[in-house]
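I begin with the cavities, continue with the pockets and end with the helices.

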Amino acid sequence: MIFRDDPATVRAWTALGGDADTARAVAHESADGCLPARLPVRELARATVAACSLAAAELLALRGGGSPPAVTVREAAVATAFTSERHLRIDGRAGRTFAPLSGFWRAADGWVRTHANYPHHRARLLSALDIPDTGDDEALTGALARELADRPAYAIQEAVYAAGGLAVEVAPAPHGSPQPPVPQTASARAPRIDGLPLVETPLVGRAGAVRELGPAALPAEGVRVLDLTRVIAGPVATRTLALLGADVLRIDSPRLPEDEDAHADTGQGKRSALLDLTDPGDRAVFEELLASADVVVNGYRPGALDAFGLEPADLLARYPGLVVAGVDAWGWAGPWAARRGFDSLVQAATGIAAVEADADGHPGALPAQALDHGTGYLLAAAVLRALTLRRETGAGRHVRLSLAGTAGWLVHGIRPGQRGGQAYEPGAWLTEAPSPCGVLRYALPPVGYDGAPRDWARPPGRWGRDLPRWT
């Protein structure tokens with residue numbers, strides 16, 4: 001079933017500065033049963049991909065001098081891409097998702113959600129709770145459960161945060177949502193998400209000389225993207241830009257290893273190199289890359305990279321035509337802004353986990369890491385729109401989004417929309433191909449304008465194995 005005039009798509013596109021009538025013309029092909037949830041996850045997912053597809057079509061038309069190609073978004077493709085990490089197979093093995101110490105735990109007065117997928121986060125969680133790491137995950141799971149059950153949820157959150165770890169108190173369901181019986185007494189301590197902007201443009205650079213982007217077969221062909229992102233949201237954005245023709249170079253610190261399975265999922269179309277910005281030689285290489293970049297995408301906490309001269313205002317002062325894009329967990333102002341965060345934690349701390357709780361009151365989760373993926377597609381769309389505006393004005397700009405802003409839109413700004421269609425089957429949107437990581441089964445990209453690439457031009461390589469230079 002095909003339908004148009006989707007309100008969520010209109011909202012996403014106008015948040016990016018686009019014209020509402022353009023968004024109303026997007027065709028959506030529905031798929032029954034995809035991304036089931038109490039909250040309108042299905043609507044969020046198709047709208048974010050639609051906005052990204054519109055931005056790609058707009059930039060392609062501007063570079064070619066013609067009319068934008070028509071946009072059709074297929075919900076089956078979207079649902080499969082939004083769960084790409086779950087569909088991933090590496091030589092037949094399922095990719096790693098959540099570690100044993102990541103999850104929901106009963107506290108003395110409610111629930112907490114922990115995130116311990118990375119070794120340093122695991123170590124800090126256990127250290128904050130005075131639990132020795134024996135390496136026995138089964139025993140540690142029991143010890144963690146016993147320790148957390150005796151402590152108040154808010155105290156756990158603050159103690160783990162002070163130690164550099166990741167845990168949040170599960171907040172009650174927001175006002176007006178179905179609220180299962182999840183005990184919670186500290187709603188005032190939860191981060192506020194109502195009223196958070198979906199997309200922000202806090203800075204616009206002055207007009208300056210920029211690299212000319214001439215006619216091309218793909219919207220972002222020839223665009224150089226310096227990728228300073230990790231985990232899901234930022235890497236989803238940059239793998240989408242790579243799909244659309246950009247030369248994407250991910251840079252990581254050699255002291256902060258990435259999970260190889262996560263990189264196999266989000267490294268499609270990109271290259272990956274290591275630079276230590278505290279080392280003068282590596283810093284010089286980074287500055288050379290920066291001087292010829294069109295886009296910098298930063299997925300670190302606000303202020304985390306300012307010491308390296310990567311504060312957006314400084315970057316735009318040095319390179320007026322640069323597009324600086326940022327994504328963080330909790331928003332860009334307020335007491336939570338500087339905190340570390342992941343999709344699962346934002347779901348817990350904003351009441352989404354309470355909305356999705358089961359009949360027994362155990363907190364639940366969305367059917368996908370929808371805040372990550374949705375924000376990723378919106379971030380890619382914001383970059384593409386910024387490149388469109390740069391071509392017209394010669395000025396770069398700073399655009400930024402947050403998982404909390406997307407959560408606020410999901411909870412407060414989207415209503416259930418058009419449903420129905422054929423039964424959802426992911427198989428048509430999965431493929432298999434060899435890669436340096438092994439034989440991969442992976443989700444195909446959902447970007448849907450006429451003539452859009454069906455797959456990435458290159459598979460993911462091994463993390464950190466490429467040279468730090470543009471192709």
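**Entry: the largest cavity**

I looked up the lining of the largest cavity and found Gln157, Tyr161, Gly165, Leu166, Ala167, Val168, Trp330, Trp336, Arg339, Arg340 and Leu345. The model is predicted, so I noted that local features need pLDDT of at least 70 and side-chain atom pairs count only at pLDDT 80 or more, while totals for chains, interfaces and linings use all residues. Residues are numbered from 1 along each chain as its sequence is written, and side-chain values use heavy atoms, with hydrogens and water left out.

I recorded the definition of a cavity: on a 1 Å grid over the protein atoms alone, it is a set of points where a 1.4 Å probe fits but cannot get out, and lining residues have an atom within 4 Å of a point. The largest cavity holds about 80 Å³ of space, a volume being the space filled by probe spheres set on the points, with grid points joined across faces, edges and corners. My search of the whole structure gave three cavities of 30 Å³ or more.

I then asked which elements each supply at least two residues of this lining. They are helix H8 (153-162) and strand E9 (167-169); helices (H or I, at least four residues) and strands (E, at least two) are DSSP runs numbered from the N terminus. By class, I listed seven nonpolar, two polar and two charged residues for the lining of the largest cavity. Here Ala, Val, Leu, Ile, Met, Phe, Trp, Tyr, Cys and Pro count as nonpolar, Asp, Glu, Lys and Arg as charged, and the others, Gly among them, as polar.

**Entry: the two pockets**

A pocket is an open set with protein on both sides within 12 Å along at least five of seven lines. I read about 910 Å³ of space for the largest pocket. It is lined by 36 residues, of which Arg230, Leu256, Gly299, Tyr300 and Arg301 are the closest to its centre. H6 gives the most to the lining of the largest pocket, with three residues. I counted 19 nonpolar, six polar and eleven charged residues in the lining of the largest pocket.

For the second largest pocket I noted about 580 Å³. Among its 31 lining residues, Arg96, Thr97, Phe98, Asn117 and Gln369 are the closest to the centre. H10 provides the largest share of the lining of the second largest pocket, four residues.

**Entry: helix H3 and its neighbours**

How do the axes of H3 and H4 cross? I found that the axes of H3 and helix H4 (residues 75-82) come within 10 Å and cross at roughly 100°. Axes are lines fitted to C-alpha atoms, for helices over the stretch in contact, and angles run from 0 to 180 degrees between N-to-C directions. H3 is therefore roughly perpendicular to H4; angles of 65 to 115 degrees count as such, under 35 as roughly parallel, over 145 as roughly antiparallel and the rest as oblique. The contact (heavy atoms within 4.5 Å) joins Arg42, Leu44, Ala45, Arg46, Thr48 and Val49 of H3 to Glu75, Val78 and Phe82 of H4.

I also looked up helix H3 (residues 41-64) with helix H16 (residues 403-412), whose axes come within 9 Å and cross at roughly 125°. H3 and H16 are therefore oblique to each other. In this pair, Val41, Leu44, Ala47 and Thr48 of H3 meet Thr406, Trp409 and Leu410 of H16. I sorted the residues of the contact of H3 with H16 into five nonpolar, two polar and no charged.
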